[in-house]
Each structure stands twice: as structure tokens, then as C-alpha cells.
Amino acid sequence: ENQIDFAKLKAILGENNLAPANERYTLDWAGKASAYRILQEPTTNTLIPCREESIDFDATQNLFIEAENLEALKILQKAYAGQVKMIYIDPPYNTGNDSFIYPDKFSETREEYARRVGDTDDKGYLKRDGVFQGAFRKNAKDNGHYHSNWLNMMLPRLHLAKTLLSDDGVIFISIDDNEQAQLKLLCDEVFGEENFVGEIIWQKKTGASDAKSFATITEYITVYVKNFLHYSDTFSKNSSSYDLNRYKHKDEHFDLRGPYYIDNLDRGGLSYSDSLNYGIECPDGTITFPNGRLEYKNDGWIWKWSKSKLEWAIKNNFIEFRKTNNKASGWAVCYKNYLLVDNENNSIERAAPHKNLITDILNANAAAIMKELFSTNNYFNYSKPIELIHKILGFVKVRDNDIILDFFSGSGTTAHAVMQLNAEDGGNRRFICVQLPEETDEKSEAAKAGFQNIAEIAKERIRRAGAKIKAENPNQNIDTGFKVFKLSESHFKQWKTHLTNKEIATPATQARNDRLNSGSLKKDSSLNAQNDGVATQADLLSALENHTDTLLSDNVENIFYELLFGLGVQPTAEITRDNGVYCVRYQGIAYLFVIQQKNADEDFFKTLIAQYQPHKVIVLERIFQGKDDLKKNIALQMKDEKIQFMCV
């Protein structure tokens, strides 16, 4: 019956296996259940392209999404689940002065949504003046739900982010003291405590002379992986942690082993082993023991290697004997540490784990970069330094075409850092940035310069940074373009699910409803209760007639991209267009979208199949102009050709 029998479940588990509700270790807060409901609510919105604000739209693999990030993350789920290698976010710190969207409510009707966010322009983009009007709320510290509001905002976004991460993916979250403790517990719940990597401490400035107590000069970057079993595929090593000047000697093996430095083969003060206290014959025939002794004695000194390994090392020229006046035997036995191989002659990369302390990057650097790009003014006051994101990107082991996501994009620092690092190491990382078109203060320098919202600043920053990187690296093929997408309502009519979720009225209940509406039957509570949940046949008939044509728009490209996202195909796939027909090749599958065609007949579809040889064909219902026999014939022909056919 699709119900849980809790009494039977308790009996199966046994009373001793059930923890009392007040004794569970958990993070709880006001509104948590509602935050999970918001996470689970599907979105009916979509993303539509904006070519005129993009750079190299048809070729680039990068995305800039101008939208509320909860909606954007939901829309991206099908196409990007398990595809993102790294996420960096710099969310509101909840200092008491932050304004962020709370509560998140995107399940309302189209009419409610339109009233709240304002109308759209003739291209379908949400009008700036109406974007999320009234959805921002300042979260002051005297608010009784101060921490709860922030957690309610973060929880669904982190869950959606986790779904987007690949198995070897990692998320970095900038935060300060206001919510660091809550963020750690929240991430333990979302990502799992076992996937906690650590807290990076970033010294962002050198002092704070106006501090009332301690001068807070640090922030944190909380780090979690998707799956701790993939650590080795997630993080790179710090190859600059070794002092290359130490490797100053060369021998006949230089080409294969590189330079080397020497170290003493004997050591003292550690656990003693009699098997490592043996004599070694020196070049002049002298037998030397550990610590340069001439005879066997247990004084705590031993050789680092066994007899068998020593024999192999001498044979393969890993041992060096050096004359010395400080040893009784007159000899020091040393081993060679080569740069390119270990002491068993296996190729290695000399590197160490990255440290969780960053002290060489100051927050003030961010303003300098923005002023350099925009010539005179810094139009964004709180961006992170590009050097910080650059360093974090370097912590991650990347493959070709790995995706970096930032859904609190701000001024676009992450996009800038990705392009810059690609230019430096020849990588091919891709970025997806999401930024709400939050209005700039009308008194700000940004507003005076014509930047009406933060997303406009970010897009211009990426354009200028990309042009600068291109100019500085003329011989490299660096992707500095980006496709701009903006949030929009669906181009398809949404079926009112409350009709199908209700009981269809019988003639008896319909007659009762008619009498209720005419006033001939008294409206009491019992009748209202009976009437609740009943949809009339007229309601359903009207709804069906309204959905004869499901489209709300005639914009061919916008409809195409909504279908693309809905099918889980990334908008950076290979796309060819031809008069309302789109062919998309993605992950070895050819999709054919027929969005617009006035004279579609069997010959038309046969020509398309021969030309594109698709695996899946998606056709708008209106293409058939009510010719059900034509649609049925096409569907059967596709089946014969083993082509999946969808009519929407």
C-alpha cells in the first residue's frame, strides 16, 4: 500500500536497536525539514542562451549562468551529475549584514512566480527590475533564526552540489568564524564525516588595528571529497616542496636518474636490530660497521638497509664511499638520493602533500587585479584574489576537460583563475559560473559605470581577462570564451498536477458541486470536506483542450536548449543547426531535434535520417499539425530503424 508500518519495522529491528530521539548526535535547526522539501521540489524553469553577451558561443566549452543558484543547480542535474571535478564557492558569511535569498520558494504557480519575480522581456529573460523582487532579506544577528536561516539557504545547494561532483571530485568552501562551526557539521551531514579532508587556514591580511579583541587576519576553506576512496585521483602533490638546489651531484646515470645528493647509510638512536649491525667492505678492504666502528658492537647504531639490499645497491651504483677523519674506520658509507628515481630505481615524482596553511596571498591583491582590468576603478569590493583560487586549483589533480564549478561566482574570479592556469600549464579545464543578477547599489562606482547588477560585472571581467590572457599567449589555443545562459520560465505549458492528483468527480458529486455553486445546497464543513480533492470532468476537459499545443513560445533556439537540458545533454556538445533542425552529438549518441518545419512529411523525415543517422529523434507535436496518421507512421518507421522517437 506504499506505506511504512513503523510498528512492524520496530519489531523487526528490535527495541534495543532504536536510539531515543533526544539521544541522537545530529545537527538540527528550525526549518530543516522545509529545506529538505525545497531540495526535493523539481524545477519547472529552464536556461536560455544569450548569444549577444557570450564570447565564441558556438565553440567554447565554458558556461556563465545568470540565475538564482538553487534553480540553476537543479536544472544542471541531468546533464552534469557526476561530471564536476572541483567546486569552489564563496557563499555569504552570515556576518549579520548579509542579504541572501530566504526563504527559497520555487514551487508556486506560474502566476505566483510571475508576480514575485516580475515579467520577462521580449527575449524571454527575466527583467532586471523584477528579478527576485522581495526575495532578499537581511539576516541580522538579532534574528532568532539567525543561524537557521543561513543553514536553510546552504543545505539544498550543498546536496545538489554533491550530486554534481564526480567520484574523485572535491569541494572547497570559503568561510569565516561566523558559520565555520555550523558549516563543518552541515557538510558532515551532506558529504559524510569520512569525506572531510581538512580546513585550509588562509592569512588574508597582516593586521587589523581597529580590532576590539583579537585581530582576526585569517579565514578558512573547508574541504570535502565526494568519496574518500578516490583520494589518490583527487589531489596533486606539491612538487615545489623540494629544494632542487640540494640535488647538486651528477654521475654516469644522470640521463635516467637525474642529479642526486648523498646521505649517511647508518643511523643511531632508533629501534635496534641486530640484523642491521653488520660489516661492509670499503674500497681499500677495510671492514666498517655502523658509526664507523672497526668491530661489531651494540652501541645503538645500525645500517638503514639490509645486507641483500646493500649488495643490490653497490652493484647498481647507489652507494658512495667517502674518506673521512671522523670515523675510526676512515670511511663514511653513503647512499645516493636521485631526483627522478627512488632508492630501488623506480621512477618517482619528488613531491609532498600540500599544506593547509596559506600565508603568501593577501586579500588586497584582488582589488589590484580588478583595477588593472577595468583601468580606473574596482567595481567589486569583496572578490577573492585570483592567486588564492589559482593555488587551490593547483591542489587538484586534473584531467583534460575537467569541469570547475562556482555557483557563488561574484566577480568571476574562478573563471579568471581557470583561464590563467590553463595558459600556464597547457591544461584544458572548463568552468561553469553561476551568479545571481543582484542589483548594484545605485550610488556605487559600478552603477555609475553602467553595471546594473553583479552578473554584468562578472561577465565583463571574464571578457577582459580572457582578452588579456589571449594577448599574452598568442601561440596557445586557450579557451577564453563562454556561453551565457539566463534563467527563464519553461517554454512548455505545465500540467496542473493537482487535477490528476484529485479524484475525478462522478455524476453524483458533480451534481452536488453544481448545487453548492448555485447556493441551493448549504455549504457546511462536512460537504466542504467531501468536496475537497475532487476535480470535475469539466476541469479535466478544459485542461486537456488547453494542452492541445503545449508551447508558450515560438523561440526555436530557446525551445531547443530547454529540451537539451531536459534530456541531460550538456549545452557544450557538438551542435549543428539547419532551419529549425538541430543535430547534437554527445557521448557517442546523435540526437536530432526537429523544432520548426512547415511541410514535414515522410520524405522529409527520411531525408533527415539519411543525412544525420541519429540514435534519438525529438519532434515537437506541432510539427505534425494534427496529422495523427503521419505521426504514427513516422514513429513506426523510426522503430524499424531502431531509432528512439519522442514527440513533445
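Lys32, Ala35, Ile38 and Leu39 are the buried residues of helix H2, where buried means under 20% relative accessible area with a 1.4 Å probe, protein chains only. Because they cover an arc of only 110 degrees around the axis, they sit on the same side of H2; the arc is taken from the directions from the helix axis to the C-beta atoms. An α-helix has 3.6 residues a turn, so residues three or four places apart point the same way. The buried residues of H2 pack against helix H3 (69-80), H5 and helix H6 (180-191).

This is a predicted model, in which local features need pLDDT of at least 70 and side-chain atom pairs count only at pLDDT 80 or more, while totals for chains, interfaces and linings use all residues. Residues are numbered from 1 along each chain as its sequence is written, and side-chain values use heavy atoms, without hydrogens and water.

Here are two helix pairs, with axes fitted to C-alpha atoms over the stretch in contact and angles running from 0 to 180 degrees between N-to-C directions.

| Helix pair | Axes come within | Crossing angle |
|---|---|---|
| H2 (residues 32-40) and H5 (residues 146-164) | 9 Å | roughly 40 degrees |
| H20 (residues 602-612) and H21 (residues 628-640) | 10 Å | roughly 25 degrees |

H2 passes H5 in a right-handed crossing. On the H2 side, Lys32, Ala35, Tyr36 and Leu39 make the contact (heavy atoms within 4.5 Å), and they meet Asn152, Leu155, Pro156, His159 and Leu160 of H5.

H20 also passes H21 in a right-handed crossing. There, Glu602, Phe605, Lys606 and Ile609 of H20 meet Leu630, Asn633, Ile634, Gln637 and Met638 of H21.

Key
Helix = DSSP H or I, 4+ residues; strand = E, 2+ residues; numbered from the N terminus. Left-handed = near helix turned anticlockwise from the far one by under 90°. Buried < 20%, exposed > 50% of the residue type's maximum accessible area, 1.4 Å probe, protein only.
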